[in-house]
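Visitor: Could we go through this model together? I would like to begin with a strand and then turn to the ligand.

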Amino acid sequence: MFNSEMPPTMMPVKVNDNAKTVLSKRYYRKDGNGEPIEDATSMFWRVASAIAAEEAKYDKSPFKVEKLAREFFDLMTEFKFLPNSPTLMNAGTDLGQLAACFVLPVGDSMEEIFDGVKHAALIHKSGGGTGFSFSRLRHKDARVGSTGGVASGPLSFLRIFNTATEQVKQGGTRRGANMGILRVDHPDIIEFIRAKERDGDLNNFNLSVALTEKFMQAVEKNEEYDLVAPHSGETKARLKAREVFNMLVQKAWESGDPGIIFLDRINRDNPTPALGEIESTNPCGEQPLLPYEACNLGSINLALVYKDGEDHGIDWKELKRIVHLSVRFLDNVIDASRYPLDRIGEMVRTNRKIGLGVMGWADLLFQLGIPYDSQEALSLAERVMKFVNDESKAASKKLAKERGEFPAYKESTYGQRNLGPYRNATTTTIAPTGTLSIIGACSSGVEPLFALSFARHVMDGEKLVESNPYFKQALIDSGSYSDKLMDEVAQKGSINKIEHLPDDLKRVYVTAMEIEPEWHLKMQAAFQRHTDNAVSKTVNLPNSASKEDIYNIYWMAYEQGCKGVTVYRDGSKSTQVLCTGEGS
Ligand code: ADP
């Protein structure tokens with residue numbers, strides 16, 4: 001039997017102050033008085049040993065498990081890879097719920113709606129986020145057969161989910177996050193588009209409108225389209241597609257809500273259509289899932305694969321090693337996780353979806369001296385993500401040989417084309433890494449830096465101040481560093497209006513608001529081309545951006561093959577967080 005006690009030879013793990021604050025508040029296990037009973041070293045060992053222990057099912061040698069536990073420990077404590085927050089919080093604990101992303105169905109009956117509310121509460125309590133489609137609910141004022149009354153419609157039920165979320169705190173530290181989806185052809189679509197008009201309404205939900213191919217064609221041709229009652233299939237009204245599209249643009253300009261997803265495109269990439277249609281994504285939009293499906297995510301820190309002198313400045317051999325080990329880790333997480341409902345556990349074990357992604361992308365570009373908004377950055381993004389995706393598939397194939405393919409493989413689109421066998425129905429997803437990037441001290445996901453030096457608002461209004469380490473080093477190297485300059489940068493966030501700094505420094509150290517919106521979108525599309533699931537990305541716009549800018553971004557997202565798009569115009573919400581799914 002593998003002894004999961006921490007070996008006395010383990011080196012203590014060093015984390016910076018920001019990471020320390022986040023870890024002790026949310027991640028460390030606590031005693032009855034709420035005092036942490038672990039530190040970074042024991043936390044990472046708890047996770048590494050619990051996830052490695054799953055190996056015993058497939059390989060009886062205790063040495064194998066212990067060796068793997070050490071490898072997982074090193075992988076995480078060198079911050080080369082981190083699993084999603086619930087895995088860090090709950091692995092090796094009684095709760096044991098390790099996935100960040102869930103999608104629940106909302107059926108058109110009282111029983112099904114309130115089952116959904118209950119199931120969401122159980123998932124939030126365990127640290128997961130939930131997505132729902134409300135498209136199956138009959139519209140407001142439709143007849144209800146059993147009582148002879150009229151239905152209250154998706155929006156009124158959405159508010160119940162929102163209120164329930166408000167009351168369920170996760171381990172006493174954060175509220176749950178939700179995604180609410182409505183199809184663009186639902187009769188209540190206009191009410192849905194306007195649902196977050198008032199600041200603070202439905203604040204536990206991100207909302208997205210699911211656009212169909214048919215709708216997009218109607219926008220293009222300036223035609224009308226049908227609003228269809230979901231329970232009867234009857235056409236209730238017709239709307240001008242372009243007017244609805246313009247309204248979406250208007251609302252996104254006003255407040256960033258709702259976002260849009262391209263539903264048919266998501267379903268075109270559904271690896272297991274025989275098991276059902278995808279109706280929704282997780283809260284931040286990067287993980288489309290079937291009803292009752294869950295997925296665990298993990299992110300590779302690209303800032304740490306920079307190696308001077310290598311092809312394109314990247315240590316490809318090391319990146320390959322990290323991908324293979326991370327895929328094994330995430331596949332083990334599926335088995336180690338205890339799911340809040342049996343039905344979810346069954347679904348997860350049928351498809352075995354995992355979502356390996358990347359973070360630290362902007363930090364890698366800084367080290368390479370490549371501006372984010374350049375063709376060179378786009379080409380490298382494709383190269384890096386293709387490599388991660390291909391290697392994740394190779395790793396999944398290897399696991400299938402060792403452990404068997406995912407049970408739905410034969411009926412999956414891979415099985416139908418004889419591409420596998422694979423261990424996992426999907427392997428790649430790019431998450432926002434809202435808290436993981438704080439723990440890993442790197443830039444988040446594939447986003448550019450919000451500011452070179454800034455205060456980050458997390459958890460109950462607490463503020464964390466950060467300066468980018470590569471930027472600081474570049475200033476020192478160019479002989480420009482001074483305390484006075486750093487103060488100025490912290491105040492302005494960026495350097496493009498600071499005189500006397502070299503132009504090449506200004507070109508490389510660009511921040512989110514200085515990058516033209518279309519470059520944000522191009523970067524999202526470049527990563528999407530090599531990602532199974534979706535890419536979390538916010539197209540940041542300056543306060544001065546016009547509605548036409550947003551219209552163009554939406555249209556470009558459609559044309560470039562993105563699965564959805566989120567825009568945010570600076571200053572358009574009263575409280576601003578970097579990840580809208582933070583929910584704290
Ligand atoms: P982290 O960095 O904490 O691992 P991310 O910011 O990458 O998380 O978000 C990934 C996913 O985790 C989200 O899309 C969502 O499904 C889930 N998630 C994030 N924040 C919350 C929250 N406050 N409550 C519940 N789930 C969340």
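**Strand and ligand surroundings**

Guide: In this predicted model, strand β14 (residues 354-359) is largely enclosed by the rest of the structure, because 6 of its 6 residues are buried.

Visitor: Which residues point each way from β14?

Guide: I354, L356 and V358 point one way, while G355, G357 and M359 point the other way, and all are buried. In a regular strand the side chains alternate between the two faces of the sheet.

Visitor: In what sense do β13 and β14 pair, parallel or antiparallel?

Guide: Strand β13 (residues 293-301) pairs with β14 in the parallel sense, over 6 bridges.

Visitor: And what is the bridge partner of L297 in β14?

Guide: In β14, L297 has G355 as its bridge partner. G355 is also one of the buried residues of that strand.

Visitor: Changing topic, how many residues surround the ligand, and which are the closest?

Guide: The ligand is surrounded by 23 residues, of which S85, N282, T433, G434 and T435 are the closest. By class, this shell has 8 nonpolar, 11 polar and 4 charged residues.

Visitor: What lies 2.4 Å from an oxygen atom of the ligand?

Guide: That is a polar side-chain atom of T435.

Visitor: Where do backbone atoms come in, at A177 and at C284?

Guide: A backbone N or O atom of A177 lies 3.2 Å from a nitrogen atom of the ligand. For C284, a polar backbone atom is 3.3 Å from an oxygen atom of the ligand.

Visitor: How much of the ligand does the protein bury?

Guide: Taken alone, the ligand exposes 550 Å², and the protein buries 99% of that.

Key:
Residues are numbered from 1 along each chain as its sequence is written. This is a predicted model: local features need pLDDT of at least 70, side-chain atom pairs count only at pLDDT 80 or more; totals for chains, interfaces and linings use all residues. Side-chain values use heavy atoms; hydrogens and water are left out. A residue is near a molecule or strand if one of its heavy atoms lies within 4 Å of it. A polar contact is a pair of N or O atoms within 3.5 Å; within protein, one must be able to donate a hydrogen and the other to accept it, and residues adjacent in sequence count only if both atoms are side-chain atoms. Accessible areas come from the Shrake-Rupley method with a 1.4 Å probe; for residues, only the protein chains shown count as cover. Ala, Val, Leu, Ile, Met, Phe, Trp, Tyr, Cys and Pro count as nonpolar, Asp, Glu, Lys and Arg as charged, and the others, Gly among them, as polar. Buried means under 20% relative accessible area, exposed over 50%, partly exposed in between (1.4 Å probe, protein chains only). Helices (H or I, at least four residues) and strands (E, at least two) are DSSP runs, numbered from the N terminus. Two strands pair if DSSP finds at least two bridges between them.
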